[in-house]
Amino acid sequence: MSISPPSISLPPTPKALLDLIKLEVGPTAMPDSRLALWISLGAYAAAEAGGQLVNGDILPSLVYGLLSAGLLAAVTFGALFLAGARDRFQQTLVALAATGAIIAVVSMVLSLFVAQIFPPPLPAAKLVGFVLFPLVMWKFTVFLWIFRHASLRFIPAFALSAIYIGFMLLILSPLLVRVFNLI
């Protein structure tokens, strides 16, 4: 006799989002609507800004959130345009933005948690980076999965995910901090 946990019945969109984060479905499981697109992009921009706000000022964080959402839309459109799959743009962007927002919120909560546990004399920034590295890798994996299932081949999907996430973390974030420190 086996005991199985009760299954939870979720509405279609949250279930599709959960399945997408678990890498069980592709972006076509997400709704194909403008409302879902704007909500997910807004959530992504807000979550990315919130993640930057943990360690930074308000204005650079807001600019980072808006630029990250805009750049995600531009990169997705360009990649799907070149792949000849423009018809999948809306669902793919909804999937990328919604999963990115969830991962960004989890990262923000973990950053706040680590910052509260380790007071300022300890190297909290290095510990946060160490703790959040698996989430960065998970975001890369989810983005790779979504791009791969949106008609891109493996190598372009891998490169696009790595370049986007690397650019956002290693170039745009420090660049905005430096620019706003000069102003």
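K15 and D19 are four residues apart in helix α1 (residues 12–21), so about one helical turn separates them. Helices here are DSSP runs of H or I with at least four residues, numbered from the N terminus. The two side chains meet in a salt bridge, 3.0 Å from N to O; the term asks for a side-chain nitrogen of Lys or Arg within 4 Å of a carboxyl oxygen of Asp or Glu. D19 is buried because its relative accessible area is 10%, while K15, at 40%, counts as partly exposed. (Buried is under 20%, exposed over 50%, partly exposed in between, with a 1.4 Å probe and protein chains only.)

Please keep in mind that this is a predicted model, where local features need pLDDT of at least 70 and side-chain atom pairs pLDDT 80 or more, while totals for chains, interfaces and linings use all residues. Numbering starts from 1 along each chain as its sequence is written, and side-chain values use heavy atoms, without hydrogens and water.

D19 also meets K22 in a salt bridge of 3.9 Å, and K22 meets E24 in another of 3.9 Å. Together, K15, D19, K22 and E24 form a network.

Note on methods. Helix = DSSP H or I, 4+ residues; strand = E, 2+ residues; numbered from the N terminus.
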